[in-house]
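Subject: A structure to look through

Hello,

Please read slowly and find each place in the viewer as you go.

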Amino acid sequence: MSYPEFQTEEKAVQLMPEDIRILSEYSWDMAGYTSRFGFFYQGNENADIDGLTKWQAEHIFQLTPMPPGMEDPLQNMEKTGRISKEKKKEITRKNEAVGEAYLAKAVQEKNLLYLSFYLHACEGRINSRVYSFLRRNGMDTYNPALFLDLKLALQEVILKKLPTFDPCKGAKFLTYMYEFVGDALTSFRMREECWTIDSLDIYKGIRRMAAIYNANGGNAQNALEKFCEETGCKPKTAVDYLDQAIGIRARQTEVIVDWDENDTEIIEDILPSRVGDLCYVLWNRRKIKAVRESLGKLSWRDQVILKARNAICNNCGGMRPMKEQYSFREISNLIGSSTDKGAEKAYHTALDRFTAQLAEDNVIRVVDMVRIESERVKKKNAAAIYRYQADCDGVWGEIHFDFEKKRIRIKRLAEWDTTKSHIYAWKVICFIALSGELPEKKRIVFERE
């Protein structure tokens, strides 16, 4: 299975002629220094980057030999096998202070060698900013190529803004760069989502409207009133932003996936064997508090049914042995139902509400898939069309499977499945690939990163 390539009308962040003119006054002679953790690029420009590891992407600005005046935090690790957190923090603080001095020299002497020294010292802070952005936007934190792309985008904006920095004012460079870095990351996300909007401010407005619309349960009128109240914009502008926020998924470029059912390692990495099992995801010690809080938001009747059927402890919220779970006959006596069937139906209704509440509280992620069409040729599955929904809410997406040509087309993304990783669509694709089944309905539950 090969991962999809996304064709976008990309307007990359570029250095303008005036930026290049200013930077032409700077020298950047790296003689005597090289990258400490290099990587090999194999393949052509259209291929994935092979050989790049997460470690290398995190340390791409590290130099060898060490810049003068800086200490190597890995020295003790290489000798003893480990380094204390306190010692590492002490070395990092020292190196960052030296790096700030080098940054001032880079501006004063117009020598970008000192900027490289600064990036070497402050790479950890840059990594933290990138990871925060990836996690906040549900993007793939384990993709070294994506991580490196973001860091290089930040390096470009640093180059662009360096000549305007005045070290005499006393502010740290990363403090000065905070908003510029945020805009660079937001611009990257805008291009990843296939937007063709020229103005970053308009994009921010649309994203803010989308968040308010989602928080108000898809109620357009409430979202418009809330947005106008928070931003003070005109109702006509708010309506335009809402239309664009809802319509982005219709403008998404069609994603094509070449499917090789023999690539089981990739499939199982995306969809482990226990994914889809609500009990496996929920009843572990890391999530007891979150589960208890979400459960408390349900009605008393739903709580009684779920605790009885799933053997949930009233005191700690954890799961007791399954032999203690109530039968549907016993549940019918608890809730006053006349039949076992009625109790079973009430249980599944309560479970649906509980799942939706957990998704809303960011405890789990949920994909609901429904088969709307299928075709068989010579007793074999030839084609199928599935609709899928992300986190029990929003507009449904649509995926077309062509088993004869081994080709999958994501015709429409589900609402809230808008980042490049498309985690919800991939769960549907990998379930079909791994199970070899075409269920009429299926709910897949998996943990958030």
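What follows is a walk through what was found, from the whole chain to single residues.

Please keep in mind from the start that this is a predicted model. The protein has 449 residues, of which 43% count as buried, and its secondary structure is made up of 17 helices and eight strands. The accessible surface comes to about 24,800 Å², and 48% of that surface belongs to carbon and sulfur atoms. If you take the contacts between residues with a separation of 6 or more, 62% of them are accounted for by residues 24 or more positions apart.

The nonpolar cores come next. The largest nonpolar core has 42 residues, and the members that touch the most others in it are Leu103, Leu115, Leu134, Leu162 and Phe173. Two or more residues of this core are given by each of helix H4 (85–109), H5, helix H6 (144–161) and helix H7 (173–192), and the largest share, 13 residues, comes from H5. Another core, which lies apart from this one, has 23 residues, among them Phe401, Phe403, Leu413 and Tyr424.

The aromatic rings deserve a careful look. A search of the whole structure finds 14 aromatic pairs. In one of them, the ring centres of Tyr33 and Phe117 are 5.2 Å apart and the planes stand at 65°, so the pair is edge-to-face. Because Tyr33 lies in the loop between helix H1 (17–23) and strand S1 (34–35), while Phe117 lies in helix H5 (residues 113–136), the pair ties together parts that are 84 residues apart in sequence. Is Phe117 buried or exposed? Phe117 has a relative accessible area of 2%, and since buried means under 20%, this residue counts as buried.

For another arrangement of rings, turn to Phe401 and Phe403, which form a stacked pair with 5.9 Å from centre to centre and 15° between the planes. Both Phe401 and Phe403 are buried.

Which rings have a charged end sitting over them? The charged end of Arg129 sits over the ring of Tyr178, at 4.0 Å from its centre, and the charged end of Lys151 sits over the ring of Phe61, at 4.9 Å from its centre.

The buried residues of H8 are Leu200, Tyr203, Gly205, Ile206, Met209, Ala210, Ile212 and Tyr213.

Ser332 is a residue to look at on its own. Ser332 is found in helix H15 (residues 328–335) and is buried, with a relative accessible area of 3%. Leaving aside residues up to four places away in sequence, Ser332 touches Ser337, Thr339, Asp340 and Ala343.

The peptide bond from Thr64 to Pro65 is cis, with omega near 0°, and Pro65 is found in the loop between strand S2 (63–64) and helix H3 (74–80). Lys379 is not a glycine, and yet it has a positive phi of about 65°; its place is in the loop between strand S4 (364–377) and strand S5 (380–390), and at 74% relative accessibility Lys379 counts as exposed. Cys392 likewise has a positive phi, near 60°, in a residue other than glycine. Cys392 is found in the loop between S5 and strand S6 (397–402) and is partly exposed, with a relative accessible area of 22%.

Pro163 is found in the loop between H6 and H7, and with a relative accessible area of 25% it is partly exposed. Although Pro163 and Gln108 are 55 residues apart in sequence, they are 9.4 Å apart in space, C-alpha to C-alpha.

With best wishes

Terms used:
Residues numbered from 1 in each chain as written. Predicted model: local features only at pLDDT ≥ 70, side-chain atom pairs only at ≥ 80, totals over all residues. Heavy atoms only, no water. Phe/Tyr/Trp six-rings, centres within 6.5 Å; stacked < 30°, edge-to-face > 60°. Helix = DSSP H or I, 4+ residues; strand = E, 2+ residues; numbered from the N terminus. Buried < 20%, exposed > 50% of the residue type's maximum accessible area, 1.4 Å probe, protein only. Lys NZ or Arg CZ within 6 Å of the ring centre and 35° of its normal. Contact = heavy atoms within 4.5 Å. Areas by Shrake-Rupley, 256 points an atom, 1.4 Å probe, with all protein chains shown as cover. Core = buried A, V, L, I, M, F, W, Y, C linked by side-chain atoms within 4.5 Å.
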